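Please look over the protein shown here, and keep its sequence at hand while reading. The notes are meant for a reader who is new to protein structure.

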Amino acid sequence: MAWSGNRRTAWASAWLVGLLALLGVVGGVAWAQNSGNGERERERAARDPGPILTLDQHNRNHWTLRYRVNLSGIQVSSPIDARQRGTTRVQVDKAALVFPVLVDGTGMSETWADEVTGFVRWGRNTVDRPARRVKGYQGPTELLVYEAANINTTHLEFEVEIPVTSYETRIDEARAFAVDWPRGEWAPEILQNLDSQLFIETGHPDIARLVEAWTNGQPRRARPYMLAKILAGKVVEHYQPTGGTLEGERVGFNTRPDAVLTSGFRVFGAAEAAREGIGPPLDMANLLTAVYRTAGLPARTVIGLELRRPEEDRADPDRPRIRAWTEFYLYDEQFDRGEWIPVDILQQRAFSNRAPALDRRWQYFGHNEDFDYVVPIAFHWHPPTVVVNSGPPALWGWVTEPDPPEASQEVRVNAFGTPLDAERQRKRLESERLRQQGQRQERAVPPRRR
């Protein structure tokens with residue numbers, strides 16, 4: 001049957017009206033869904049009590065960390081007359097010197113990575129242009145890379161300065177205990193902190209045996225915060241720290257009482273600590289980190305410098321000193337917030353060789369009134385890339401053409417209070433405000449959904 005023009009027009013109009021109505025319904029549903037989601041977000045924000053771990057804004061300090069490496073030629077005795085000594089030269093065509101930086105800070109600190117400076121110097125030559133920065137390493141860590149060429153000297157200096165703000169920390173344990181395991185997989189940047197690294201051998205048989213015994217093979221039967229506390233208590237009772245933290249001497253300590261001077265750090269690794277149950281103090285943090293990772297809890301070792309408080313005796317040879325502690329990742333799915341919780345295991349062990357009651361707050365588990373005078377340095381004892389140094393692990397490394405020359409290595413670490421101009425004060429206050437509101441996304445990495 002042939003349609004008249006009027007009937008076609010009427011049909012088309014009806015079809016169009018129907019389509020628009022349908023779109024209106026669909027759009028209305030979508031709008032309602034979005035409105036509902038937005039309303040739920042607002043309700044959640046209104047109920048959100050804020051971070052479980054808080055930084056004490058009244059007990060904080062702004063520091064500048066200075067890390068310097070001195071490389072010197074080796075003095076060689078004459079085979080004819082031992083009293084005659086010559087000095088070899090540090091000589092390379094090309095060099096890339098590497099230092100790992102905590103770009104996102106730690107659970108108890110902020111790192112102001114855009115203000116990091118450094119240089120390489122030998123003789124009258126200085127390389128002080130901004131470092132090349134390489135992202136994506138475990139921690140998360142960025143590598144600062146300073147490149148130099150045509151080095152021929154008896155003495156080379158490599159220095160990095162890093163502005164840091166350190167805080168005392170407080171923990172809401174009631175809320176921390178209530179956080180359950182996430183239902184999804186960890187995000188890649190968090191998942192990295194379940195892997196092995198140098199001196200932290202996740203899953204090593206000696207470490208796995210401890211975790212198996214301490215958890216009856218079922219670590220997830222306890223919620224994350226309780227598991228972390230149980231395992232910390234077991235490490236306190238298992239490991240006896242002994243000896244020093246440094247290799248070599250504190251050369252010149254009497255003339256520089258504010259600096260640690262050493263040829264490197266004394267660490268043997270978490271597997272050795274698990275097997276022997278006794279060893280260097282710094283390995284206690286390595287052991288706890290490896291235990292957490294083996295149990296499925298993302299964790300990292302933080303290396304830091306503990307400074308002398310103004311009221312302490314300046315003649316005290318125990319300050320400043322190199323420190324290490326562990327941080328584990330606690331993800332609160334209800335409020336979509338992840339936080340790094342610091343566990344100062346060495347201080348806990350110094351307080352008692354027996355674990356306190358689990359239902360009591362521990363002074364050095366999350367809650368820490370010493371951290372405002374501690375400056376974090378790195379998550380790695382040696383840069384997590386293909387570099388070498390000239391002695392024990394000392395945070396730095398280099399790759400050269402040709403191969404690295406033989407040299408003696410001395411490291412100096414110190415920190416000093418940093419006065420802030422108006423712009424720096426504004427930046428720090430804004431960052432602190434965002435962190436208190438839980439808006440720092442790098443600190444709140446949700447797991448991936450299965």
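Predicted model: local features only at pLDDT ≥ 70, side-chain atom pairs only at ≥ 80, totals over all residues.

Residues are numbered from 1 along each chain as its sequence is written, and side-chain values use heavy atoms, with hydrogens and water left out.

**The protein as a whole**

- The secondary structure comes to nine helices and 21 strands, where helices (H or I, at least four residues) and strands (E, at least two) are DSSP runs numbered from the N terminus.
- Of the 450 residues of the protein, 50% count as buried; buried stands for a relative accessible area under 20%, exposed for over 50%, and partly exposed for what lies in between, with a 1.4 Å probe and protein chains only.
- Among contacts with a separation of 6 or more, 77% are between residues 24 or more positions apart, a contact being heavy atoms within 4.5 Å.

**The nonpolar cores**

- In soluble globular proteins, nonpolar side chains tend to be buried together.
- A nonpolar core is a set of buried Ala, Val, Leu, Ile, Met, Phe, Trp, Tyr and Cys residues joined through side-chain atoms within 4.5 Å, and the largest one here has 98 residues, with Tyr67, Phe99, Tyr292, Phe328 and Ile377 having the most contacts inside it.
- The largest share of this core, eight residues, is supplied by helix H7, which covers residues 282-294.
- Another core lies apart from that one and has seven residues, among them Leu102, Met108, Val374 and Phe379.
- When residues up to four places away in sequence are not counted, tyrosine 292 touches several residues, including Ala228, Leu231, Leu297, Phe328, Val343 and Phe365.

**Helix H7**

- H7 has 13 residues and reaches 19 Å from its first C-alpha to its last, close to the 18 Å expected at 1.5 Å a residue; the expected span is 1.5 Å times one less than the number of residues.
- The helix is mostly covered, as 12 of its 13 residues are buried, and the buried residues include Leu282, Asp283, Asn286, Tyr292 and Arg293.
- Just after H7, glycine 296 takes a positive phi of about 95°.

- Arginine 300 is in strand S16, residues 299-306, and counts as buried because its relative accessibility is 3%.
- A polar atom of the side chain of arginine 300 lies 2.7 Å from the backbone oxygen of glycine 139.
- Glycine 139 is joined to proline 140 by a cis peptide bond with omega of about 5°, and proline 140 lies in the loop between strand S8 (132-137) and strand S9 (141-153).
- A cis peptide bond also joins glutamate 401 and proline 402, with omega of about -10°; proline 402 is in the loop between strand S20 (397-401) and strand S21 (408-417).

**Asparagines with positive phi**

- Asparagine 150, in strand S9, has a phi near 55°, a positive value in a residue other than glycine, and is exposed with a relative accessible area of 63%.
- Asparagine 216 lies in the loop between helix H4 (205-215) and helix H5 (224-238), has a phi near 55°, and is exposed with a relative accessible area of 65%.

Technical notes
Polar contact = N/O pair within 3.5 Å; in protein donor to acceptor, adjacent residues only side chain to side chain.
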